[in-house]
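Here is a friendly briefing to read alongside the sequence and the 3D view. Please keep both open as you go through the points below.

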Amino acid sequence: MANVSKKVSWSSRDEDTAQGEDTPLLNGASAVRYTRQGAVLSRPKEIPHNEKLLSLKYESLDYDNSENQLFLEEERRMSQMGFKCLEISRWVVCGLIGLLTGLIACVIDIVVENLAGFKYHVVKQNIEKFTEVGGLSITLILWAVLNSAFVLVGSVLVAFFEPIAAGSGIPQIKCYLNGVKVPRVVRLKTLMVKVGGVICSVAGGLAVGKEGPMIHSGAVVAAGVSQGRSTSLKKDFKIFEYFRRDTEKRDFVSAGAAAGVSAAFGAPVGGVLFSLEEGASFWNQMLTWRIFFASMMSTFTLNFFLSIYNEKPGDLSNPGLINFGRFDSDSVEYNLYEIPLFICMGAIGGLLGALFNVLNYWLTIFRIRYIHRPCLQVMEAMLVAAVTATVSFTMIYFSNDCQPLGPDQSEEYPLQLFCDDGEYNSMATAFFNTPERSVRSLFHNPPGSYNPLTLGMFTLSYFFLACWTYGLTVSAGVFIPSLLIGAAWGRLFGILLAAITSSGSIWADPGKYALIGAAAQLGGIVRMTLSLTVIMVEATGNVTYGLPIMLVLMTAKIVGDYFVEGLYDIHIKLHSVPFLHWEAPATSHSLTAREVMSSPVTCFSRIEKVGTIVDILSNTSTNHNGFPVVPGVGDDNEPGRICGLILRSQLIVLLKHKVFVERARSRLQQRRLQLKDFRDAYPRFPPIQSIHVSQDERECMMDLTQFMNPTPYTVPQETSLPRVFKLFRALGLRHLVVIDHENRVVGLVTRKDLARYHLGKHGLEEMQLAQT
C-alpha cells in the first residue's frame, strides 16, 4: 500500500513541479497512471477497497443551469403565466410524491405484518405442541427454515437483479443529494427490488428495520414522477418536460427522501430537517415549503389507508410505519438532576455506537474482498437468517424469566413455554416479535416486566446480530435495530438505578430510560442530530423530552466522532465516493486553486472540427465531461481566453443530430435544435461509441457558440482552497474554470479535485484517484 495515501506537504512545491508526473498540479489522467503504478507495487485486489482512494466512476450532477442561447431564448419566451403554471406543477409533483410514497409504505407495512404474523403463528403452534411431548428441536429447524426461505427470496432479488438496492439506501441518497451521480440509484427496477427485498428481510426475522429503505423508495418515486416518463419502461407521458434536468430532479429527490422519513416515522418536520441536514447543498424557502407539503401528504396517505385496512376509516392514529406509542405526561416527567444521567447515557450510546461502527467497518472490508460473488452473498444472508433464529430460540429456551399475563396484556404472541399457566416468557416478548413491536413493549410495558438478566443477554446478542446483518445483500435499515438495542440497555439502566437507590418510586418508570437509551444508541451509530431529535419527539408525540433527547444525541455524536465516523459516512468512504462535506478541511488555507486544479485542460475552439471532437470524446484514458471553449486553439499550446464551457452530454446530442456548419449552409438542416432535444436525451445520454460519424463528416466543422454556456463560473488561480470549496459546494457546481490575470484558461476544478483533500491523522492528506 505504498502509494495509496501520501501526506500533503506544500513546502517543496517548486521541486514537485519539476518532477513532471508526480506534481500535484496534474491530477487528471496522470493520477490514474500513478495509481496503477501503485497497484503494481502492492496487491491489486485489495487496493480499490482502501478508503484512501477516490473512485473515478462517479460523476457529478449539474445543479447549475447551462445558460446558453437556447436556454435564455426559452426563458425569455415564457410569460409570467407560464412561470406560475410551472410553480403549480412543482406543487402537483410534490403532492404526487407524497401520495405514492405513503402508498408504498402502506403496502410494505400490510404485507410485512401478514407474513410475519403467519410465521409467528405457525412457530407458536409448533412450540405449544412440542413443549408437552418434547422434540423442540423440530420447532427450531422450522423457524430457521422459514427465516432462511424469506431471506433467500430477498437476497436473490438484490444480489442478482439490482445490487444497488442492498442496505438502507440512505448513504446512496446522501451522495445523490450531495451532488454525486450514483449509477442506477433512482431507477424503477431499484424501487421494485427495494420494496420486495425489505418485505422479505423483515419477515425473515433479520435484525433489521423497514424504515431506512423507505427514504430510498421515496427518492426513487420522486425521481420518476418528476420526469413525467419512465426510461426503464420506455414510456413517455409528455408531462413535466421542463423538469428534465439535474437542477429540478435533485430538488424533487430531496422532497422524496423527506416524504420517506415522514412515512417511516410519522414525522413530517423530521423529514424536512433530514433532507436539510443530510443532503441539500442549495436551499430556499419555497423548496422547504414544497418538501414539507410532500412530507405531510405522505404521512396523511399512510394514515388514511391504514385506517381503512384496520377497519376504522377516518381514525388517523397511525402516522408512521413505526409507532412508539404515546408517552403520557404523568409517566414522562423528569427532574433536573436526571439530566446528568441522561448525558452519561449519551456517552455510553456514543461508545457503543463507535464499537458497532468499527466492527461493521472491518466486516464490510472483509465482505468486499472475499464475499463479492452473488451466490456467496445469498448464502451469507441465509446463514445470518438461520443464526438469528437459532440465537432467538436458544435465548427463549434457556430463559426462566416468567411474567404473569395481566388483563391489559399487549403481547401479540405470548409464549408460555416452560412457564406456569397464566404466565408468559419475557424473553419471547423481545425476540418473538417484529422489531417495531419489541421497541414499543420496551418503552411501555409496566415496571417489573423484564428481568435485568433478560435485558442484558438480549442487548448483547442483538448488538452483534445487528452488526453482522447491516451490510448484507438484502434491503434493510439500521434505525430499528439501533433503537431496539438502545431501548433494551436503557431499560436495564433504569432498573439498575431503581435498585441502587432506596426510594424506588422516583425511578419507577424504566420506559423513559428506554426512550433515552434508544436515542443515545441510534445517535451513536448514525450521528444525526437535528433531524433525529425532531423525529424522536414527533414519533413519541411528546415535546417534554425534547431537551434531554437533544443533549443525549449531541453527547453521543461528540463521543462517537472522537473514535470513528458515523455508519453512513463509513460506507460512503468505503465506496470511494467523492463526497463534499459542509466545509473545506480546517488547515487547507495554504492551498490555492492552482495547486488543486486539473491541468492541462482540453479546450475546444468556438468553431471546432467534428473529427477532433469525436476523437477527444472517444479517448477513454481522459473521459472528461466539461470542456472550456476558447476563441481558437493554436499549435503552440498557449492557453486561450475563456469564452464558454460545453458539456460532453451536449456535444453528444449535437453529434447525434449532426449540427454541422456545412449542413446549415447547404440547407440540409430541417430545423433548429431546441432545448427539448437535450431534455429528451436526458438522463441516459447515448455513449459516443453508438454515434456513427462518417469520414466525410469528420472533416466538417461544428459551431458551439449557441450551445455553450457563455458565462461559466471562474476563479483566479490564486484563490484559496476554502473559498473555491465554498463556491463549488454552495452552488452545486460540476466544473469550475481556473483562469489567470488575462482571463486565459489554466485549469479546471471538479468535485474529485476538492474531495481528495481531507484531515487525517497526520494533518492534511491527499487521496489518490483510481478507476474502480
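E583 sits in the loop between α21 and α22 (593-596). The model is predicted, and in it E583 is exposed, with a relative accessible area of 57%, which is over the 50% cut-off for that label. From this loop residue, the tour goes on to a helix pair, a hairpin and a sheet.

**Around E583**

- Although E583 and R723 are 140 residues apart along the chain, their C-alpha atoms are separated by 9.8 Å.

**Helices α12 and α21**

- Helix α12 covers residues 339-370 and helix α21 covers residues 567-574; their axes come within 10 Å and cross at roughly 25 degrees.
- Angles under 35 degrees count as roughly parallel, so α12 and α21 are roughly parallel to each other.
- The crossing in which α12 passes α21 is right-handed.
- On the α12 side, the residues in contact are F356, N357, N360, Y361, T364, I365 and I368, and they meet L567, I570, H571 and L574 of α21.
- Sorted by class, this contact of α12 with α21 has seven nonpolar and four polar residues, with no charged ones.

- Strands β15 (residues 735-739) and β16 (residues 745-750) pair in the antiparallel sense, over five bridges.
- To find your place in the pairing, look for V737, which stands opposite L748 in β16.
- Five residues lie between β15 and β16 in this hairpin, and N743 in the turn has a positive phi of about 70 degrees.

- Three strands make up an open sheet with mixed pairing, in the order β9-β11-β12.
- β9 (604-605) and β12 (644-647) stand at the edges with a single partner strand each, so one side of each has no neighbour in the sheet.
- β9 pairs with strand β11 (residues 626-630) in the parallel sense over two bridges.
- Within that pairing, F604 is the residue opposite V629 in β11.
- Helix α24 (residues 648-656) lies across β9, β11 and β12, and runs at about 70 degrees to β12.
- As background, strands of a sheet pair through backbone hydrogen bonds, in either a parallel or an antiparallel way.

Technical notes:
Residues are numbered from 1 along each chain as its sequence is written. This is a predicted model: local features need pLDDT of at least 70, side-chain atom pairs count only at pLDDT 80 or more; totals for chains, interfaces and linings use all residues. Side-chain values use heavy atoms; hydrogens and water are left out. Axes are lines fitted to C-alpha atoms, for helices over the stretch in contact, and angles run from 0 to 180 degrees between N-to-C directions. Helices (H or I, at least four residues) and strands (E, at least two) are DSSP runs, numbered from the N terminus. Angles under 35 degrees count as roughly parallel, over 145 as roughly antiparallel, 65 to 115 as roughly perpendicular and the rest as oblique. A crossing is left-handed if the near helix is turned anticlockwise from the far one by less than a right angle, and right-handed if clockwise. Contact means heavy atoms within 4.5 Å. Ala, Val, Leu, Ile, Met, Phe, Trp, Tyr, Cys and Pro count as nonpolar, Asp, Glu, Lys and Arg as charged, and the others, Gly among them, as polar. Buried means under 20% relative accessible area, exposed over 50%, partly exposed in between (1.4 Å probe, protein chains only). Two strands pair if DSSP finds at least two bridges between them.
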